[in-house]
Amino acid sequence: MDSKKLVAQVIVDNNSHQTDKLFDYLIPPHLINILKIGMRVLVPFGKGNKRLEAYLLNIAVIKEESLKLKEIITPLDYHSILSENQIKMVFWMRKKYMCKFIEAIHCIIPTGIVNKEKRILHLTKENWRNFIPHQQHKQMQIMMLLEEHGGSLSQDLINKTLPFKDCYQAIKSLEEEGYLDIEYQLSSRVNIKREQYVKLKKTIEEIDIVLNELNRAPKQVAMLEYLLKHREAKTTDITKTINTTNATIRALEAKGLITIFEKESKRNPFSTDEVELYPKLKATEEQENIIKEIVGDIIDNRSNNYLIHGITGSGKTEIYLQLMEVAKAEGKEGIILVPEISLTPQTVERFRGRFGEGIAVFHSNLSEGERYDEWRRISEGKVDMVIGARSAIFAPFNNLGLIIVDEEHEQTYKSEQNPKYHAIDIAFLRGMTEKAVVVLGSATPSIENYYKAQKGEIKLRTLEKRPQMAKLPEVEVIDMKEELDTGNTSILSNRLKSLIMENLEKKKQTILFLNRRGYSTFVSCRSCGHVVKCNHCDISMTFHMGTKSLNCHYCGLKISAPTSCPSCNSNRIKYFGAGTQKLERVIEGQFPGARVARLDLDVTGKKGAHERILADFKKGNKDILIGTQMISKGLDFPNVTLVGIISIDSTLNLPDFRASERSFQLITQVAGRAGRSLQAGRVVLQTYDPNHFSIVTASKHDFKGFYNEELEIRKEFAYPPFNNLIALNFSGGRDDELFQYVNKIADGIRYILQSKGYQSMNDMLLGPNAAIIPKINNKYRYQILLKDHGVELGTLKRLIRYFFIQHRQKYLPKGILAGIDINPYNLM
DNA sequence: AGCACGCCGACT
DNA sequence: GTCGGCGTGCTC
């Protein structure tokens, strides 16, 4: 006989570094033809053989000898829920982002589908008191508790209720001696919503006969006729349409003419709102050329990557729409990524307006149930298009043809949670393995992707014209230092003031951008210089007018606004800096009668508020819209002819190597809101640093100029795209304790690098430094940055793996958190 | 993550 | 002797 055996290699579903590896299980003979790679299975795990859910990632052949393996208990799926491509992706992600298998798996499968086991104990012997010895305290207490609760109780509850920790032994012996039964229950965390339906039980001919005899029951006739036409119907729908009650249904059922059955209902995330049709536009010559080329790739199954660099308002969305139309016609599926659904309502509306139903929408506001439903709709092939934020890149399509990443440069594509993946990395991977075309689009491409395009790794295509001859707006840079010198201490320059006035008179609309919410950005004492900071976060607090409080934008702490200095008690305390709230006040004071709206995180709390404000502005009910980042994306308002950027300096001066890039992008995107129709647009850009190259190039719409200068800097300082960066973030513990620890770790890394023969570590290891925000929520924060400059990225990753994964217990004290971020986008 | 084992001090 | 606390180490 064959001495080889099949083993299942599984990943158990618990979130621990120590169990983050493949475990081997025997496949019992009766399951050999049933188990498939990608299924979930139930396995006994650990000393107590606790039943754990696990993902079967591989089936391997081993020699019989050696092992005493446990057996798989049972499969949990009828079909694989992970495809082979998805399993490859799991391995790829773990390596690339240094995350756990299970973390990568949970990206691909929504949490809703995951089952959790419960153990229920059932009391089986009524007369247990006669047998259990009194000194067995634990056993007695467990049995008494069970009896109190009518004989059945979950083990969780027993553990919570009883004073001692480990009931394991006691329960085990009670079970062995037959006093209780352990029932294993798998309860799905998501309740699948079910709805009642009715359908005909007899053939059409039979019903016809009955219909002639039913002239005394018109409602029943109507219902049968309805069902003849529609085959089946929801009970609530059918009773409403023919204006009757459940009595009719029950009568027909009693006569054996119809059956009532239940069907899973899919919650509809856009239940009520109507979609406005968005008809196909005629492509310009520029657009047409790009479309033709990419369509060829889609039809021929060529996996190709494109970057479309199109100025704001050049009609990238129309290209996406027409490409998607082709993909759909070819029977392929498509993913459209947008930075954030709620910030790009217009893009979403256009897709829905063009394609109607058959689009799944993913966004962060979906409930777990809704997310699960959308996932199911996709995996069951009910939709062929998904539009959504970052996580939509994992949409479980099987015949993917096209991936579109709109506003490709946006930071939101990089996850801030584990695994800290970048959606564009995943897009390229899927494009390659699934033979799909990836199209990135932006008016301000990221340095990284533009560089790839220059090297020929991505095909670069440009759109330089706005349709209908609309022109890019003229940008005027105002030096606020000069304004100060001439005695204007207001946050509005004289030039901007007069242009707003002019615009109001001409009944044109204005957008004012300020990247700070709240009223005053910091509060400081003019006697002693004390700045009011959050007690938990070491961040200056922002004054909010509505609540008359100082808020911490990091932990959410609110304190009442002080009238005297908390440090020296002087009453010369003053509120500095301007946020959107203050700007709103200033504008209202300056232009009485102007209709002003504000859009920032503080006013969009309520569901739908965001859309309402924008719709109101679009209709022309407001003259001036004040907003933060939120207004920089995708808005297309033809009547806006003036955009004022109140200050860009806070972005420009962020201590982050991407600050220049972000500033350029922000200016360009915000400026792009002006002059989107035939009316010429104008942008006023206020700054204290008018000669900064980001500002100079952005004001001239000179992306290439910006790119070349920025690339030089990136090269000189060995930042991406030339080098990879790894951030090690530490938090927790006492300040001095943590400081000592991070130094020890940094020394350890240096020591190992040295022993490997590397001489100067200065280019490879930066820090440890206190993080840019040194304290959040009472947790101190430190950071070590690693660069693959003069050293292989793999070497650095192995080092990190050694310290923080393989020997985690040894090198990471309790109470200190360590996070690993490969190519971080947020260094704060 | 969980869980058991093993060692230790505190108590009947 | 027994109980419970806590540190350590393993899970196919």
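Setting aside neighbours within four places in sequence, cysteine 528 is in contact (heavy atoms within 4.5 Å) with Cys565, Ser567 and Cys568. This is a predicted model, in which local features need pLDDT of at least 70, side-chain atom pairs count only at pLDDT 80 or more, and totals for chains, interfaces and linings use all residues. Residues are numbered from 1 along each chain as its sequence is written, chains are lettered from A and ligands numbered from 1 in the order in which they are written, and side-chain values use heavy atoms, leaving out hydrogens and water.

Let us stay with cysteine 528. It sits in the loop between strand E21 (522–525) and strand E22 (542–544); helices (H or I, at least four residues) and strands (E, at least two) are DSSP runs numbered from the N terminus. Its relative accessible area is 39%, so cysteine 528 is partly exposed (between buried, under 20%, and exposed, over 50%, with a 1.4 Å probe and protein chains only).

What does cysteine 565 touch, not counting residues up to four places away in sequence? Its partners are Cys525, Cys528, His530, Ser570 and Ile573. Cysteine 565 lies in the loop between strand E24 (558–560) and strand E25 (573–576), and it counts as buried because its relative accessibility is 1%.

Now for helix H15 (residues 447–454), which is mostly covered, with 6 of its 8 residues buried. These are Ile447, Glu448, Asn449, Tyr450, Tyr451 and Ala453. The elements they pack against include strand E12 (305–310), helix H14 (423–433) and helix H23 (703–716). Just after H15, glycine 456 takes a positive phi of about 90 degrees.
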